[in-house]
Amino acid sequence: MSLYIEARIHAELDDLWARTQEPGAHQRWDLRFTAIDYLPCQEGEPQHFRYATRVLPFLTVAGTGVSAGEKRRPDGTRTSALRFASPHPLSLLAEGSGYWRYVPGEDGIRFVTGYDYLPRWGRLGRLADRVLFRPLMGWATAWSFDRLRLWLERGITPERARWHAIAEAVARLLCVAAAVTFVPLLALATAALMLVLPPLPTTPAARRCLRTPPKPARAPRILDTLARRTAPATRTPLAKEHP
């Protein structure tokens with residue numbers, strides 16, 4: 001049930017690293033977060049951070065985490081790992097861990113994430129997670145990755161990309177509404193067409209990302225190192241480590 005998302009991005013590795021590692025840039029493109037702030041830490045220690053997600057206009061859930069990255073690896077790749085937890089009683093996500101991989105190649109950079117988490121609320125929470133929340137998290141991650149790709153490849157800012165997505169969704173709904181009003185017999189076919197029609201090139205789309213690993217994926221060793229250096233509250237055996 002762990003989540004895997006992969007995007008192919010044609011950009012400079014340093015630019016991709018900056019857009020994903022700097023909190024101010026990260027919170028702009030990632031649909032899962034409303035705010036990300038670094039907390040003070042000692043030199044050489046993993047970076048602690050605080051995050052918040054606005055679930056509803058009147059409800060924001062927050063949590064804390066710790067992250068560490070490897071910017072220089074012998075094979076030219078980079079990795080980043082994190083562990084996180086939310087004490088908010090209304091947050092379905094209790095605690096979890098994940099990683100990012102940056103793998104340069106001839107056809108762009110493979111930007112990969114794998115992560116998992118433990119839901120709260122007992123059996124009801126596990127059911128809600130399996131049926132609704134986990135698929136939604138997977139979609140939101142993939143959609144965000146494609147929004148990041150558009151920012152790096154085409155210069156379309158995350159804010160513009162959001163409006164592109166809203167405008168296209170409204171246009172598709174209007175097409176369905178018009179069919180229902182003027183040609184009811186074609187309404188179902190129109191709705192199906194709007195669902196399968198590819199998004200515009202300037203609109204973020206989760207379908208452009210790979211959602212299944214091409215081969216069994218394992219978390220980087222740095223995640224295990226991070227677990228040994230963090231508080232017990234954020235230590236969760238959620239991902240298999242490299243031997």
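How many salt bridges does a search of the whole structure find? In this predicted model, the search finds 12 salt bridges. The views below show some of them.

**View 1. Salt bridge between arginine 134 and aspartate 116.** The closest N and O atoms of arginine 134 and aspartate 116 are 2.9 Å apart. Arginine 134 belongs to helix H3 (residues 122-154) and aspartate 116 to strand E7 (residues 108-119), so this pair ties together parts that are 18 residues apart in sequence. Arginine 134 and aspartate 116 are both buried.

**View 2. Salt bridge between arginine 208 and aspartate 146.** Here the closest N and O atoms lie 2.5 Å apart. Arginine 208 sits in the loop between helix H5 (187-196) and helix H6 (221-228), while aspartate 146 is in helix H3; the pair links distant parts of the chain, 62 residues apart. Arginine 208 counts as partly exposed because its relative accessibility is 32%. Aspartate 146, at 2% relative accessibility, counts as buried.

**View 3. Salt bridge between arginine 149 and glutamate 153.** The side chains of arginine 149 and glutamate 153 meet at 2.9 Å, N to O. Both residues are in helix H3, 4 residues apart, so about one helical turn separates them. Arginine 149 has a relative accessible area of 12% and is therefore buried. Glutamate 153 counts as partly exposed, at 31% relative accessibility.

**View 4. Network of salt bridges linking Asp146, Arg149, Glu153 and Arg208.** The network includes the pair of arginine 208 and aspartate 146, and also the pair of arginine 149 and glutamate 153.

Key. Residues are numbered from 1 along each chain as its sequence is written. This is a predicted model: local features need pLDDT of at least 70, side-chain atom pairs count only at pLDDT 80 or more; totals for chains, interfaces and linings use all residues. Side-chain values use heavy atoms; hydrogens and water are left out. A salt bridge is a side-chain nitrogen of Lys or Arg within 4 Å of a carboxyl oxygen of Asp or Glu. Helices (H or I, at least four residues) and strands (E, at least two) are DSSP runs, numbered from the N terminus. Buried means under 20% relative accessible area, exposed over 50%, partly exposed in between (1.4 Å probe, protein chains only).
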